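Please examine the sequence and the structure shown below.

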Amino acid sequence: MRKVEVFRALHRSRLPGDPLVLPGPWDAISAQVCEEAGFPALATPSAGIAAALGHEDGSTPADEMFAAVARICGAVDIPVSADVEGGYGLAPKELVERLLAAGAVGCNLEDSRQGVLKDSREHAEWLAEVRYAAGDQLFVNARVDVFSYGDGDPERAIERAALYVAAGADCVYPIGAPVGVLPLLRSGIQGPVNMFARLDGEGPSPTELGELGATRVTFGPGLQRRMARQLRESADRLQR
């Protein structure tokens, strides 16, 4: 079975309380640690990779991002989905070619640009072009930024999600959605729903998110930021 088929299968028939948990490695060694811990797949965080490469979130050059994704994919045997932000202005065909060349089986694509929501229908048309170019070779996770950069209306998030699913998205990611609206989102969105979980103990656990309707759970740059804090603490102790 191809890795992308394995990845798709991991999203199917999830039981309540048992979402697919995808940690976010930012380099080869963190990816290997996650694989050795037993995770079946990974999802790279653009913000975590940006920090590791010395860039602000959202400002990583495309070449550097794809090179980082390629190193992560090459370091493990399990499927890897890549956060490639808004696609770096690449035409759908080139975007798909670069993702596949890097070894990714999926991608996360935002529906906002520099903090402003894109026109949902135009974005859906672009996603449809990505789907056409990818065929069945990529699992497309369409981010819905209504709660981050819009008015936070769950119904508007559901409307945008419906357009993206109709365009061929495999999963929808209403980033920043309050936990309280997750059951409403789950009832209104066809297909898998990705939710964000925090690693600081604030907010619901992956299991709790699964019970509320999440199909899969990701952590953004949470692991990278936690490791950076632990490194700082270790560095401080070296000076005592």
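The structure is a predicted model. What covers them? Just after H3, the chain reaches Gly54, which takes a positive phi of about 85°.

Is Gln224 buried or exposed? Its relative accessibility is 13%, and Gln224 therefore counts as buried, because buried means under 20% relative accessible area. Once neighbours within four places in sequence are left aside, Gln224 is in contact with Trp26, Gly48 and Ala51.

Arg232 counts as exposed because its relative accessibility is 56%, while Asp236, at 30%, counts as partly exposed.

Attention now turns to a charged residue in a loop. Glu110 is located in the loop between strand S4 (106-109) and strand S5 (112-113). With a relative accessible area of 13%, Glu110 is buried. Which residues does Glu110 touch, not counting residues up to four places away in sequence? They are Asp83, Glu85, Gly86, Lys118, His123, Arg143 and Asp145. Glu110 and Ile175 are 65 residues apart along the chain, and their C-alpha atoms are separated by 9.6 Å.

Salt bridges form the next topic. The structure holds 13 of them. One of these joins Asp170 to Arg131, with the closest N and O atoms 2.7 Å apart. This pair links distant parts of the chain: Asp170 lies in the loop between helix H8 (154-166) and strand S8 (171-173), whereas Arg131 belongs to helix H6, and the two are 39 residues apart. Arg131 is buried, with a relative accessible area of 15%.

Another salt bridge connects Asp18 with Arg14, and here the closest N and O atoms are 3.5 Å apart. Why does Asp18 count as partly exposed? Its relative accessible area is 38%, and partly exposed residues are those between the 20% limit for buried and the 50% limit for exposed. Arg14 is likewise partly exposed, with a value of 26%. Salt bridges also occur as a network, which links Arg2, Glu5 and Asp136.

The last stop returns to helix H6, which covers residues 120-134 and includes Glu125. At 52% relative accessibility, Glu125 counts as exposed. Together with Asp119, Glu122 and Glu129, Glu125 forms a negative surface patch. Helix H6 thus holds both Glu125 and the salt-bridge partner of Asp170, Arg131. Glu125 is exposed because its relative accessibility is 52%, whereas Arg131 is buried because its relative accessible area is 15%.

Terms used
Residues are numbered from 1 along each chain as its sequence is written. This is a predicted model: local features need pLDDT of at least 70, side-chain atom pairs count only at pLDDT 80 or more; totals for chains, interfaces and linings use all residues. Side-chain values use heavy atoms; hydrogens and water are left out. Buried means under 20% relative accessible area, exposed over 50%, partly exposed in between (1.4 Å probe, protein chains only). Contact means heavy atoms within 4.5 Å. Patches are made of residues with over 30% relative accessible area and no salt bridge: like charges are joined within 9 Å, nonpolar side chains (Val, Leu, Ile, Met, Phe, Trp, Tyr) within 5 Å. Accessible areas come from the Shrake-Rupley method with a 1.4 Å probe; for residues, only the protein chains shown count as cover. A salt bridge is a side-chain nitrogen of Lys or Arg within 4 Å of a carboxyl oxygen of Asp or Glu. Lys and Arg count as positive and Asp and Glu as negative; His and the chain ends are not counted. The place of a charge is taken as NZ of Lys, CZ of Arg, CG of Asp or CD of Glu. Helices (H or I, at least four residues) and strands (E, at least two) are DSSP runs, numbered from the N terminus.
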